[in-house]
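Reader: I would like to learn how to read the features of this structure. Could you take me through them step by step?

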Amino acid sequence: MKVIIIGGVAGGASCATRLRRLDEKAEILMFERGPYVSYANCALPYYIGGVIEEESALFVASERYFRNRFAIDVYTRCEAIEIFRNEKTVKIRGLETGQTSNHSYDKLVLSPGATSVHPPLLGIDLPGIFRVRTVPDALAIREWIQQRKAILTETVRKSRFQQEKAKAKAVVVGGGFIGLEMVENLIRQDFDLTLVEMLDQVLPPIDPEQSRVVEAHLKAHGVNLVLNDGVAEFKQADAGRIEVKTKSGKNIVSDIVILALGIRPDVNLAKKAGLVIGERGGIRVDEHMRTSDPDIFAVGDAVEVKDFVTGEWTLIPLAGPANRQGRIAAEVIAGRDSGFRGTQGTAVIGVFGKTIAWTGINEKTLLQRGETDYEKIFIYPNSHAGYYPGAKPITLKVIFRRSDGRLLGVCAFGEEGVDKRVDVFAAMIQMGATIYDLEEAELCYAPQFGSAKDPVNIAGMVAANALRGDMPISHWNSVKSSFLLDVREPSELKQESVPGAVNIPLGQLRSRLNELPPDQEINVFCEVGQRSYYATRILLQNGFNAKDVSGGMKALKQFCAYHSENEVCKKEK
Ligand SMILES: Cc1cc2nc3c(=O)[nH]c(=O)nc-3n(C[C@H](O)[C@H](O)[C@H](O)COP(=O)(O)OP(=O)(O)OC[C@H]3O[C@@H](n4cnc5c(N)ncnc54)[C@H](O)[C@@H]3O)c2cc1C
């Protein structure tokens, strides 16, 4: 059997090596348009930032390694330009020689990845404007940074104001995860940084009140955030700099511009070959990664996948799914009945010492879909036992189905232990778990690592309390006309308070029940939701109609940062 693989990085390389492990006899050829195979695109921002110092660290495996270890023939700087499905051949053009040759296949695997979105903006191809997709991109950015810094140092040296510390300026356009990684790494390179994002939030896959926490963190680290504003055009400015003009009329002069505007599946080859392209613009494949042609498989960023939670077609361009899909395609080619389960978009990003991670569906997607059968909780558990030094709070939003408790999505932000919790949630979502399963999850514990009730268990317990009716919950957007009861201590109210809320500290509640309205809904809150839970239990058992405002004051701050026009937030201001 002769198998040709197009694209030699995440999905392609995984497919090639897995196939070799399953079939010692197969003839495997891998063609890659770029100069390298199997490189770590995920490492590129960190190479630019200098965290990864050596260029050689970017390469996971070389052509020679593929040949010697796996007997796979790898051809770099070779582009597949056409597939002849009737003849089962693919036309390859050598990019150095320009010569073309046709190669026959029994099975063909496409893993061409994606292309960066490159809108037709005036000046978008000016020198100093980069995208971050390949090793050559990263090398060019590093070189440009060094040049700009040298020019700046020379200008400062010649200047009469020698003591002046001039900083090079950078603009990152696009606040997705690659944009944020570039923000962090350019600040690491001592740039004065502006992030321009067309949406009104960074990190589109998370809910806006969660992104507000991330945005505050970015600002605290000196990032100039321009949200709700797109780039209108780029112009050449003096001394090799670029002027970035935004739609709202801002002019930002910068030494370097990074475009992180998102990507589109690279379907050129597949489209030309008449393979079915789905409504989201990716190559349509079945669960075995087979395209509409049974002898052609496709994997990675180029394909549409089923969203694990909604069951709908989607695009999730991430390395984990690409690698797994490559492996599955190899297994199917080798005669096994392997299938891809779908993707839930599990992702993580680190910025300035904090971690943001998410998995499953977010609330804004549920709302867009008109779904009402869901509930959410906001909790702020410690990363490990509070008495052990160094515990840090985790901001956690958990979404689950109201009717049966199925876990739907999670987003977490914090300094410690975020990734490990989201990984547990991700595995639970993939296993179809409910919040009742989270209550029972048995996780490792010692004081420096977690708590006897891990944040995952706490999420399950809080959510289950809500669904079982032990602790009915409410949210800040629905409490406006009800009786608000603040059970914090008076000293805490001096820091911040909600106007109109009645304060009865938890310790006095049992003796002051007569001050509460017996026939009105009482929404109880505290700082994070623990004392208000105890208070809610007291009230419910005394016949009151009480609800716990999920996440308390901390959730209120998140909520108001996004819904500043809400009645409660206006009052709070
Ligand atoms: C800067 C950056 C950071 C990232 N960080 C993360 C991260 O932290 N976590 C994460 O999960 N994901 C991350 N990703 C995404 C991840 O790298 C991709 O999802 C993954 O590489 C996709 O694998 P793929 O095989 O589909 O495509 P790729 O790995 O992009 O490989 C496709 C290859 O196919 C080649 N090709 C295309 N067309 C042809 C043709 N006609 N002929 C020959 N060769 C062709 C291309 O040159 C390319 O090298 C990051 C991506 C980038 C760019």
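Author: Domain bounds here come from an automatic or database domain assignment. On that basis the chain is divided into domain 1 (2-40 + 55-116 + 264-333), domain 2 (129-261), domain 3 (353-468) and domain 4 (473-571). Residues are numbered from 1 along each chain as its sequence is written. The model is predicted, with pLDDT of at least 70 needed for local features and 80 or more for side-chain atom pairs, while totals for chains, interfaces and linings use all residues.

Reader: Why does the ligand lie between domain 1 and domain 2?

Author: The ligand lies between domain 1 and domain 2 because both give residues to the shell around it. A residue is near a molecule if its C-beta atom, placed from the backbone, lies within 6 Å of it. Of the 32 residues around the ligand, those that come nearest are Gly 7, Val 9, Ala 10, Gly 113 and Gly 300.

Reader: How should I read the sheet with strands β26 and β30?

Author: Strands of a sheet pair through backbone hydrogen bonds, either parallel or antiparallel. Strands are DSSP runs (E, at least two residues), numbered from the N terminus, and two of them pair if DSSP finds at least two bridges between them. Here five strands form an open sheet with parallel pairing, in the order β26-β30-β29-β27-β28. Its edge strands, β26 (473-474) and β28 (502-503), each pair on one side only.

Reader: Which residue of β30 is the bridge partner of Ser 474?

Author: The partner is Val 549, and β26 pairs with β30 (residues 545-549) in the parallel sense over two bridges.

Key. Helices (H or I, at least four residues) and strands (E, at least two) are DSSP runs, numbered from the N terminus.
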